[in-house]
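Here is a short briefing to read alongside the model. Please keep the sequence and the 3D view open as you go.

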Amino acid sequence: MGSTRPGGARDARRARLAEIFRFALVGGVNTGTFFGCYLLLHPWMPYFAAYSLAFLLSMIGSFFLNTYFTYRTRPTWKKFALFPLTNVTNYLVQSVGLYVLVTWAGMDDRIAPLVAAVVAIPFTYLISQRILVPRGSGRPGADSGPGSETDERQTSRLA
């Protein structure tokens with residue numbers, strides 16, 4: 001027998017795809033923010049300092065965009081402290097992927113970073129979801145009420 005709610009699984013799948021699309025969109029915005037900040041800061045400081053500050057600023061922006069826009073949840077200090085793990089994961093998966101693609105698969109080292117970045121997206125998505133979405137809240141379309149994701153979204157301050 002099927003689901004008791006017509007379209008329940010289909011609605012959940014559609015909500016998940018929308019969330020993944022929002023995640024990819026935030027990633028694009030984050031990349032643009034990083035590069036724009038880097039270009040603005042570089043004339044005023046050494047390139048590595050500009051790179052580091054741009055990375056930090058874009059990561060902070062990514063945190064807020066992902067909490068409010070992608071996962072539609074409330075930012076907290078705990079989530080903020082754990083969020084850099086998404087960047088570490090991204091870096092590790094891309095680095096290993098780059099090495100494997102160039103060394104073992106013989107891919108052109110000018111193209112391999114792009115492929116490795118695409119491969120890293122699902123890993124980064126899963127880690128960010130684990131950090132930013134409250135446990136037990138269900139996924140997109142979960143019921144609202146005390147302690148639910150919807151209830152958590154009502155407060156907009158970093159708590």
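At 28% relative accessibility, F64 counts as partly exposed, a class that lies between buried (under 20% relative accessible area) and exposed (over 50%), computed with a 1.4 Å probe on protein chains only. F64 forms a stacked aromatic pair with Y68, 6.4 Å centre to centre and with 15° between the planes. Rings of Phe, Tyr and Trp (its six-membered ring) pair if their centres lie within 6.5 Å, and planes under 30 degrees apart count as stacked, over 60 as edge-to-face and the rest as tilted.

This is a predicted model, in which local features need pLDDT of at least 70 and side-chain atom pairs count only at pLDDT 80 or more, while totals for chains, interfaces and linings use all residues. Residues are numbered from 1 along each chain as its sequence is written, and side-chain values use heavy atoms, with hydrogens and water left out.

**Aromatic residues**

- F64 and Y68 both belong to helix 2, 4 residues apart, or about one turn of the helix.
- An α-helix has 3.6 residues a turn, so residues three or four places apart point the same way.
- Y68 is partly exposed too, with a relative accessible area of 38%.
- One aromatic cluster brings together F63, F64, Y68, W77, F80 and F83.
- The structure holds 13 aromatic pairs, and one of them is the edge-to-face pair of F34 and Y51, at 5.5 Å centre to centre and 85° between the planes.
- F34 sits in helix 1 (residues 8-41) and Y51 in helix 2 (residues 47-70), so this pair ties together parts that are 17 residues apart in sequence.
- Y51 counts as partly exposed, at 36% relative accessibility.

**The chain as a whole**

- The protein chain has 6 helices and 0 strands; helices (H or I, at least four residues) and strands (E, at least two) are DSSP runs, numbered from the N terminus.
- Read from the N terminus on, the elements run α-α-α-α-α-α.
- Of the 159 residues in the protein chain, 29% are buried.
- Among contacts with a separation of 6 or more, 63% join residues 24 or more positions apart; contact means heavy atoms within 4.5 Å.

- Buried residues in helix 2 are A50, A54, S58, M59, S62, F63, N66, T67 and T70.
- The cover over the buried residues of helix 2 includes helix 1, helix 3, helix 4 and helix 5.
- T67, found in helix 2, is buried with a relative accessible area of 0%.
- Leaving aside residues up to four places away in sequence, T67 touches R72, T73, P75 and L132.
- Just after helix 2, R72 takes a positive phi of about 50°, and R72 is a residue other than glycine.
- R72 lies in the loop between helix 2 and helix 3 (77-82) and is partly exposed, with a relative accessible area of 38%.

**R22 in helix 1**

- R22 is found in helix 1 and counts as buried, at 13% relative accessibility.
- R22 and N66 are 44 residues apart in sequence and 8.3 Å apart in space, C-alpha to C-alpha.
- Not counting residues up to four places away in sequence, R22 touches F69, T70 and R72.

**Helix packing**

- Helix 4 (residues 84-104) and helix 5 (residues 112-132) pack at an angle of about 150°, with their axes 8 Å apart.
- Axes are lines fitted to C-alpha atoms, for helices over the stretch in contact, and angles run from 0 to 180 degrees between N-to-C directions.
- Helix 4 and helix 5 are therefore roughly antiparallel to each other; angles under 35 degrees count as roughly parallel, over 145 as roughly antiparallel, 65 to 115 as roughly perpendicular and the rest as oblique.
- The contact of helix 4 with helix 5 has 15 nonpolar, 7 polar and no charged residues; Ala, Val, Leu, Ile, Met, Phe, Trp, Tyr, Cys and Pro count as nonpolar, Asp, Glu, Lys and Arg as charged, and the others, Gly among them, as polar.
- Helix 1 and helix 5 pack at an angle of about 105°, with their axes 11 Å apart, which makes helix 1 roughly perpendicular to helix 5.
- In that contact, R16, E19, I20 and F23 of helix 1 meet I121, T124, Y125, S128 and Q129 of helix 5.
- By class, the contact of helix 1 with helix 5 has 4 nonpolar, 3 polar and 2 charged residues.
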